[in-house]
Amino acid sequence: MERNLIRKSKVWSPEKIEEIQEKAQIGRYRIRGQATKRMDLPSFDDLVFTPAGLSRVPLEGYRERCDTKVVIGEGKVKRPLVLETPIMIAGMSFGAINAHSKKALGIAATRCGISTCTGDGGMHPIEREYSEKLVYQLLPSRYGLNPYDLKKADAVEIVVSQGAKPGTGGTLLGHKVSEEVAKMRDLPAGVDQRSPCRHPDWMGPDDLGVKVEQIREATDYEVPIFIKIGAGRVYDDVKLAAKVGVEAVVIDGMEGGTAASPEIQLDHTGIPTISAVVEAAQALYDIGMKREVKLIIGGGISNGADAAKAIALGADVVYMGSAMLIALNCQRPIYIEDYHALGTEPGACHHCHTGKCPVGIATQDPELMARLDPTAAAERVENYINSITMEMQIFARSCGKSRVSDLDPTDLRSLTLVTSYITGVPLVGLGGKKPYFASLDHGSSFKDLLKV
Amino acid sequence: MESVKESIVIDCKSETVTSINQMIREFAKNNIKEVIIENPLARHNLGVCITDPIHLIYNGDVGYYAVSLCDKVTATIKGNCGWAVGENLMSGEIVVNGNAASSCAASLRGGIVVVKGEAGARAGISMKGGTLIIGGNTGYMTGFMMQKGKMIICGDAGKALGDSMYDGVIYVGGKIAELGNGTKVEEVSEEEKDEIKSLLDFYQIELPPSFQKIVPNGLLHHFNKKEFRVWKEIL
């Protein structure tokens, strides 16, 4: 009898079958949180540092300083944003996450001398109270925007789009639109909220220039202004954003996080962060604004290696959102029965959109929120930020740099052809140069062989 | 700069936009009741982020973002406006004697904005409260994603009127080129008719013979597979 072995198909993989059958049930595209789950994206892991040896002298890790400070808007605005380390906590709305999480992130960021960001949904008073440096996002939705909060901001970020879903607006499902969230956003409570993808009062880069001037007038030229764009047509977008006259351009790669987005979009729109940073840096260089305009890169940055490599490729600061939530407690194996009730497990959860976050972060449910102790969570985030700072310093020192910002593309080599092609960083080995034996083959004479 | 009792004149010809805004803020803080802005020359950002009570009179046309991000401010604009007049007004009153370009009263939160002439596209877009009155016609996507508040359009309304509105109400005295997704037409009550009449009388705008009332139909409030035809147009 013929043996019919059980074989999985690449074309009709279990994941694809499950997706088709779920869509057949729900009658619409799938919506979920977290980020793309594609396994085939080029990443910073495809690069390695080439530390000092004889040709360059490394710094002593225990004695010699390695500066991490970054200032955004120096010499341009009255109150530049000073970051003690080139990390910023990315925008995550009150609504997507709750006040406990905002408080914990604020405490940690303040202790580390970095900033947090409001995200969509307005400035929550808890967030302002606990964040010494707070970036105020101005989004197409304009939820919670008011002149008083604008004046309280330490920087203003005009959001054009988000890396997880460039070209579309935000989504917050009704389970999370609590009375408080609804009040802050001027929405009916419990409604499935969709945000517009275009700003209501400007359309293109020329209008955006007038908008930036309006925000300058509103903030009395005190604080830096950023423009944030989801990574897509990065080279042209960055040039246009820089020409508008902002202090920083934020580029959010396709690995960027979300609390709720169409899954199909997470996996099939935008470009990876590693490619975005190179395009963005090149754009600023080509218009002679590389030093003048800071480049902030976000999207899947998870450790000091990612951050240091992004900086070596041209970024000045990295934006980190999802990783901070993980440091808070996201995906931690506690309350496991609640993960199972959602049909998932710790380490694979993406159920931020349901409002039933088992660890009490992406929820407005008071019972679930009580599971997150802001004080303990703040300490975890603080530890995590400090660890990334130390990791970045390891790479800078080992490459002989006394400032993390001095890392540059010549400190890197690519492990793969694709990454080398995308970034322009030479492959490990000779990086495209012909080896000394390239002119020899099986037909070479013994005399020629002796010459080498 | 010339001081006349409680009214002060700023001639824009000799000032920068920043100095004009700073002067207005300073006057408002010092309880000056009125500032007359001469020669605005359609410059952008005249009257931004004023949050103390004051009355502004613009003797001419203004550019983008006039009287924007303001609270407790009243203003009369004697000419026409560029984009986004009254953007994000929290409370107060703006009366535009001429026409307003696109996005007038965008993201309005409170108070009242009155455009006696025509308004461009996206009037009252993302309104979160307050009242917008347009004496003439208005353009494409008026009231798009309106969240709260009230809009009275005495003339015709362009396509996609009130598209994706969450809440609020739009009254239209003329023709509607096309209703937006997620909207429906309701009867106007006698009480509403009286309120509209009294508002239009107050601002000396001619009352149209009748109004249609546009409100959200609620079909877009929740993802619902039974409403696929509606959602197909939206998402």
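In this predicted model, A:Lys76 pairs with A:Glu292 in a salt bridge whose closest N and O atoms sit 4.0 Å apart. The two partners come from distant parts of the chain, 216 residues apart: A:Lys76 is in the loop between strands E3 (70-72) and E4 (81-83) of chain A, and A:Glu292 is in the loop between helix H9 (273-286) and strand E14 (294-298) of chain A. A:Lys76 is partly exposed, at 36% relative accessibility, and A:Glu292 is partly exposed too, at 44%.

Then there is the pair A:Asp201 and A:Arg142, with an N to O distance of 2.7 Å. Here 59 residues separate the partners, with A:Asp201 in the loop between strand E10 (193-194) and helix H6 (205-218) of chain A and A:Arg142 in the loop between strand E7 (134-138) and helix H4 (147-152) of chain A. A:Asp201 counts as buried because its relative accessibility is 0%, and A:Arg142 is buried at 1%. A:Arg142 also turns up in the lining of the largest cavity, alongside residues including A:Asp120, A:Tyr136 and A:Tyr143. That cavity holds about 50 Å³ of space, and its lining splits into 5 nonpolar, 4 polar and 2 charged residues.

A salt bridge at 2.6 Å, N to O, joins A:Arg371 and A:Asp338. A:Arg371 lies in the loop between helix H13 (366-369) and helix H14 (374-398) of chain A and A:Asp338 in helix H12 (336-341) of chain A, so the pair ties together parts 33 residues apart in sequence. Over all chains, the structure has 35 salt bridges.

Some of the charged residues join up through shared partners: A:Glu18, A:Glu22, A:Arg30, A:Arg32 and A:Glu263 form one salt-bridge network. Two of these names come back at the second largest pocket, where A:Arg30 and A:Glu263 are among the residues nearest the centre. The pocket has a volume of about 1,100 Å³ and a lining of 31 residues, divided into 8 nonpolar, 8 polar and 15 charged. Helix H1 of chain A gives the most to this lining, with 7 residues.

Methods:
Residues are numbered from 1 along each chain as its sequence is written. Chains are lettered from A and ligands numbered from 1 in the order in which they are written. This is a predicted model: local features need pLDDT of at least 70, side-chain atom pairs count only at pLDDT 80 or more; totals for chains, interfaces and linings use all residues. Side-chain values use heavy atoms; hydrogens and water are left out. On a 1 Å grid over the protein atoms alone, a cavity is a set of points where a 1.4 Å probe fits but cannot get out, and a pocket is an open set with protein on both sides within 12 Å along at least five of seven lines; lining residues have an atom within 4 Å of a point. Grid points are joined across faces, edges and corners, and a volume is the space filled by probe spheres set on the points. Ala, Val, Leu, Ile, Met, Phe, Trp, Tyr, Cys and Pro count as nonpolar, Asp, Glu, Lys and Arg as charged, and the others, Gly among them, as polar. Helices (H or I, at least four residues) and strands (E, at least two) are DSSP runs, numbered from the N terminus. A salt bridge is a side-chain nitrogen of Lys or Arg within 4 Å of a carboxyl oxygen of Asp or Glu. Buried means under 20% relative accessible area, exposed over 50%, partly exposed in between (1.4 Å probe, protein chains only).
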